[in-house]
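This report describes one protein chain for a reader who is new to structural analysis. Please examine the sequence and the model before reading on.

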Amino acid sequence: MRIGPALGVRAEALGIYEPVPYNNHPARLLVDLIASAKADLAVRDGAASSFYHPSCDVTPLQQTIDGIEALGYTFVGPTDLAN
């Protein structure tokens with residue numbers, strides 16, 4: 001499996017990291033992103049994508065990356081997903 005920008009196919013398929021509720025949306029934590037990535041493993045040759053705001057602490061980002069890579073995903077650049 002690969003993860004990266006979805007190039008218009010499935011933007012933010014895993015959702016966005018939101019450590020606290022915001023704008024009538026519940027908090028969405030790293031465990032939620034990892035659970036979504038696990039569910040997406042059912043899609044053969046799928047690409048998962050997410051958004052992580054640069055103002056957030058990088059520790060949860062690294063934990064999210066570690067958790068998603070542990071599922072078998074490989075992080076790639078957007079040009080690698082062109083076809």
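Is L29 buried, partly exposed or exposed, by its relative accessibility? L29 counts as partly exposed, because its relative accessibility is 38%; buried means under 20% relative accessible area, exposed over 50%, and partly exposed in between, with a 1.4 Å probe and protein chains only.

The model is predicted, so local features need pLDDT of at least 70 and side-chain atom pairs count only at pLDDT 80 or more, whereas totals for chains, interfaces and linings use all residues. Residues are numbered from 1 along each chain as its sequence is written, and side-chain values use heavy atoms, with hydrogens and water left out.

**The chain**

Two helices and three strands make up the elements of the chain, and they follow the order β-α-β-α-β from the N terminus. Helices (H or I, at least four residues) and strands (E, at least two) are DSSP runs, numbered from the N terminus. Of the 83 residues in the chain, 28% are buried. Contact means heavy atoms within 4.5 Å; among contacts between residues at least 6 apart in sequence, 72% join residues at least 24 apart.

**The helix pair**

Two packed helices are described by the angle between their axes and the distance between the axes. Helix 1 (residues 30–39) packs against helix 2 (residues 58–70) at an angle of about 20°, and their axes are 9 Å apart. Axes are lines fitted to C-alpha atoms, for helices over the stretch in contact, and angles run from 0 to 180 degrees between N-to-C directions. Helix 1 is therefore roughly parallel to helix 2, a term for angles under 35 degrees. The residues that make this contact are listed below.

| Helix | Residues in the contact |
|---|---|
| Helix 1 | L30, L33, I34, A37 |
| Helix 2 | P60, Q63, T64, G67, I68 |

**Two residues compared**

T64 belongs to helix 2 and is buried, with a relative accessible area of 6%. Leaving aside neighbours within four places in sequence, T64 is in contact with L30, L33 and I34. A polar atom of the T64 side chain lies 2.8 Å from the backbone oxygen of P60.

L29 is found in the loop between strand 1 (2–3) and helix 1. Not counting residues up to four places away in sequence, L29 touches Y17, E18 and P19. Although L29 and T64 are 35 residues apart in sequence, their C-alpha atoms are 9.2 Å apart in space.

Methods
Parallel < 35°, antiparallel > 145°, perpendicular 65-115°, else oblique. Polar contact = N/O pair within 3.5 Å; in protein donor to acceptor, adjacent residues only side chain to side chain.
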